[in-house]
Amino acid sequence: MPKADFGCCGEKKKRKPMFDVLKEKRINIVTGHYGSGKTEFAVNYALKLAGAGAGVSIVDLDIVNPYFRSRELEPLLSKYGIKVISSSVDSPALEVPALSAEIFSAFRNDASHVVFDMGGDDAGANALARYHRYLDNKPYEMFFVLNANRHLTKSAEDAIKYLRSIEEASKQKVSSIVNNTHMCGQTAADDILKGQRLCEEVSARTNLPIKYTIINKKLLNKKLCSIINNEVFPIDIYLKKPWEI
């Protein structure tokens with residue numbers, strides 16, 4: 001089982017116990033530019049929750065996105081007791097019957113945590129909007145995963161525009177930012193720091209906190225961690241290259 005470790009390089013002053021995170025929000029929504037790595041965050045976040053002893057489900061609303069989707073990891077996730085809820089129909093014009101009825105269980109079971117892996121396209125946002133009446137009555141965290149290497153989120157102005165468009169389509173509000181500036185296996189520390197600077201600018205303009213900075217465990221070191229002021233989220237499972245999917 002994955003360890004519930006949100007710290008970096010053994011520096012306890014920047015660590016937040018996973019059980020504190022469990023108490024904050026039971027419903028978590030992950031969104032961002034397609035190809036931003038939002039699914040890798042959703043998957044790793046679900047694994048952290050499961051590692052802390054929580055019952056966890058992932059709802060895959062990454063409907064038409066051709067990139068890495070959480071339902072593709074169902075065999076792995078099921079080994080850790082994580083239930084994957086997804087719809088079999090890939091269509092940009094979703095109707096309520098096309099979405100799994102199991103999604104409603106995410107709102108009814110107060111003892112279980114749920115991670116919505118929401119596509120960064122209109123179809124995913126519109127799918128989430130179907131449930132706004134349920135979400136409006138429950139506390140939730142909505143992460144905006146920001147990757148400075150994606151073409152529609154390279155500047156703060158563009159990133160905010162993209163963020164607002166997702167909010168409008170989904171009828172929900174982003175509550176925090178996650179820096180996930182990766183280039184698959186070519187990721188370097190400079191990529192992460194470039195993303196961090198962009199996240200800080202977006203945070204300053206929107207008053208949204210930066211919740212995590214995602215770093216592949218191979219790149220973790222004290223020097224890099226010391227530059228980042230918010231929590232570091234180490235990951236093992238990361239974005240696939242398009243030709244590997």
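Contact here means heavy atoms within 4.5 Å, and helices (H or I, at least four residues) and strands (E, at least two) are DSSP runs, numbered from the N terminus. What covers the buried residues of helix H5 includes strand E1 (27-32), strand E2 (55-61), strand E4 (112-118), helix H6 (132-135) and helix H7 (156-170). This is a predicted model, in which local features need pLDDT of at least 70 and side-chain atom pairs count only at pLDDT 80 or more, while totals for chains, interfaces and linings use all residues. Residues are numbered from 1 along each chain as its sequence is written, and side-chain values use heavy atoms, with hydrogens and water left out.

**Confidence**

- The protein chain has an average pLDDT (the predictor's confidence in each residue, from 0 to 100) of 79, and 77% of the residues score at least 70.
- Confidence in the protein chain is lowest in H1, with a mean of 54, and highest in strand E6 (residues 176-179), at 96.
- The pLDDT is below 50 over residues 1-7, a stretch that has 24 contacts in the model beyond near neighbours in sequence.
- Residues 241-245 also have pLDDT below 50, and this stretch has nine contacts in the model beyond near neighbours in sequence.
- Where pLDDT is low, the predicted coordinates should not be read in detail.

**The sheet**

- Eight strands form an open sheet in the order E3-E2-E4-E1-E5-E6-E7-E8, with parallel pairing (two strands pair if DSSP finds at least two bridges between them).
- Strand E3 (82-86) and strand E8 (231-235) stand at the edges with a single partner strand each, so one side of each is left without a neighbour in the sheet.
- From one strand to the next, the twist averages 25 degrees, where axes are lines fitted to C-alpha atoms, for helices over the stretch in contact, and angles run from 0 to 180 degrees between N-to-C directions.
- E2 is mostly covered, since six of its seven residues are buried (under 20% relative accessible area, against over 50% for exposed and in between for partly exposed, with a 1.4 Å probe and protein chains only).
- E2 pairs with E4 in the parallel sense over seven bridges, and Ile58 has Val115 as its bridge partner in E4.
- E2 also runs parallel to E3, to which five bridges join it, and the bridge partner of Asp60 in E3 is Ser86.
- E1 and strand E5 (residues 140-146) pair in the parallel sense over six bridges, with Tyr140 of E5 as the bridge partner of Ile27.

**Helices and their packing**

- H7 lies across E1, E4 and E5, and runs at about 145 degrees to E5.
- Helix H8 (residues 189-206) packs on the sheet, where it touches E5, E6 and strand E7 (210-216), and its direction makes about 170 degrees with that of E6.
- Six of the eight residues of H5 (residues 122-129) are buried, so this helix is largely enclosed by the rest of the structure; the buried residues are Ala123, Gly124, Ala125, Ala127, Leu128 and Ala129.
- H5 and H7 pack with their axes 7 Å apart and at an angle of about 40 degrees.
- That angle makes H5 oblique to H7, given that angles under 35 degrees count as roughly parallel, over 145 as roughly antiparallel, 65 to 115 as roughly perpendicular and the rest as oblique.
- The contact between these helices is made by Ala125, Asn126, Leu128 and Ala129 of H5 and by Ile166, Ala169 and Ser170 of H7.

- Arg26 lies in the loop between helix H1 (18-24) and E1, and counts as buried at 15% relative accessibility.
- A polar atom of the Arg26 side chain lies 2.6 Å from the backbone oxygen of Ser112.
- Leaving aside neighbours within four places in sequence, Arg26 is in contact with residues including Phe107, Asp110, Ser112 and Lys138.
- Lys138 has its place in the loop between H6 and E5, and counts as partly exposed at 25% relative accessibility.
- The C-alpha atoms of Lys138 and Ile27 are separated by 8.1 Å, although the two residues are 111 residues apart along the chain.

**Positive phi in loops**

- Lys171, in the loop between H7 and E6, has a positive phi near 65 degrees in a residue other than glycine, and counts as exposed at 51% relative accessibility.
- Asn207, found in the loop between H8 and E7, has a positive phi of about 65 degrees although it is not a glycine, and is exposed with a relative accessible area of 70%.

How values were computed. Polar contact = N/O pair within 3.5 Å; in protein donor to acceptor, adjacent residues only side chain to side chain.
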